[in-house]
Amino acid sequence: METYDPLTAPDPDLWLELDEQERLALVEEHHDSADVELDKPMLHAVMHTVVENQLALRDERVMRTLERLMAEGLDRHDALHAVGSVLAEHVFGILSEGTKESASTDKYYRALEGLTVASWRSNT
């Protein structure tokens, strides 16, 4: 796999054959070549990569959320951002609260189920 395009799902097997640094580099290269100005490019690449990893691992809840958001009108790239925003909030909760409940994947999945295009847009 030589390039990454967030508008097109990468082949899951090829994506998972890459090591994490290669995945991050592909995401960063895409945003650099698209001349996208980012405040925190590494954090942005990490969120993309983690969501793509979840999709490549065929996490049904993440896959359903992405498909639903795209059916609601987002392109794949924006849908990745929307899922990534929930992921970022979840990670922040774990880091700030540090409780077993904050680390629950069920909490993350519930937040994904409640995610809509309207709710994501109102927070961006």
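Author: A residue counts as buried when its relative accessible area is under 20%. The model discussed here is predicted.

Reader: How is that cut-off applied to alanine 45: is alanine 45 buried or exposed?

Author: Alanine 45 has a relative accessible area of 1%, so alanine 45 is buried. Its place is in helix α3, which covers residues 41–56.

Reader: Which residues is alanine 45 in contact with, leaving aside neighbours within four places in sequence?

Author: Alanine 45 is in contact with Leu24, Val27 and Glu28 once those neighbours are set aside. A separation can also be read between C-alpha atoms: those of alanine 45 and histidine 77 are separated by 12 Å, and the two residues are 32 residues apart along the chain.

Reader: What about arginine 58: where does arginine 58 lie?

Author: Arginine 58 lies in the loop between α3 and α4. With a relative accessible area of 45%, arginine 58 is partly exposed. Its phi is near 60°, a positive value in a residue other than glycine.

Reader: How should I read the packing of two helices?

Author: Two packed helices are described by the angle between their axes and the distance between the axes. Take helix α4 (residues 60–71) and helix α6 (residues 105–114): they pack at an angle of about 15°, and their axes are 10 Å apart. Angles under 35 degrees count as roughly parallel. That makes α4 roughly parallel to α6. The crossing of these two, α4 and α6, is left-handed.

Reader: Which residues make the contact between α4 and α6?

Author: From α4 come Arg61, Val62, Thr65 and Arg68, and from α6 come Asp106, Tyr108, Tyr109, Leu112 and Glu113. Sorted by class, the contact of α4 with α6 has four nonpolar, one polar and four charged residues.

Reader: What is the angle at which α4 and helix α5 pack?

Author: Helix α5 spans residues 76–97, and α4 and α5 pack at an angle of about 130°, with axes 9 Å apart. The two helices are therefore oblique to each other. In this case α4 passes α5 in a right-handed crossing. On the α4 side the contact is made by Val62, Thr65, Leu66, Leu69 and Met70; on the α5 side, by Arg76, Ala79, Leu80, Ala82 and Val83. By class, the contact of α4 with α5 has eight nonpolar, one polar and one charged residues.

Reader: Thr65 is named in α4 for both contacts. Is threonine 65 buried or exposed?

Author: Threonine 65, found in helix α4, counts as buried because its relative accessibility is 4%. Not counting residues up to four places away in sequence, threonine 65 touches Val83, Leu112 and Leu115.

Reader: How many aromatic pairs does a search of the whole structure find?

Author: The search finds two aromatic pairs. To read such a pair, look at the distance between the ring centres and the angle between the ring planes. The rings of tyrosine 4 and tryptophan 15 have centres 5.6 Å apart and planes at 40°, so this pair is tilted. Tyrosine 4 lies in the segment before α1 (12–17) and tryptophan 15 in helix α1, so the pair ties together parts that are 11 residues apart in sequence. Both tyrosine 4 and tryptophan 15 are buried.

Reader: What are the values for the rings of tyrosine 108 and tyrosine 109?

Author: Their centres are 5.7 Å apart and their planes are at 40°, so the pair of tyrosine 108 and tyrosine 109 is tilted. Both tyrosine 108 and tyrosine 109 are buried.

Notes. Residues are numbered from 1 along each chain as its sequence is written. This is a predicted model: local features need pLDDT of at least 70, side-chain atom pairs count only at pLDDT 80 or more; totals for chains, interfaces and linings use all residues. Side-chain values use heavy atoms; hydrogens and water are left out. Axes are lines fitted to C-alpha atoms, for helices over the stretch in contact, and angles run from 0 to 180 degrees between N-to-C directions. Helices (H or I, at least four residues) and strands (E, at least two) are DSSP runs, numbered from the N terminus. Angles under 35 degrees count as roughly parallel, over 145 as roughly antiparallel, 65 to 115 as roughly perpendicular and the rest as oblique. A crossing is left-handed if the near helix is turned anticlockwise from the far one by less than a right angle, and right-handed if clockwise. Contact means heavy atoms within 4.5 Å. Ala, Val, Leu, Ile, Met, Phe, Trp, Tyr, Cys and Pro count as nonpolar, Asp, Glu, Lys and Arg as charged, and the others, Gly among them, as polar. Rings of Phe, Tyr and Trp (its six-membered ring) pair if their centres lie within 6.5 Å; planes under 30 degrees apart count as stacked, over 60 as edge-to-face and the rest as tilted. Buried means under 20% relative accessible area, exposed over 50%, partly exposed in between (1.4 Å probe, protein chains only).
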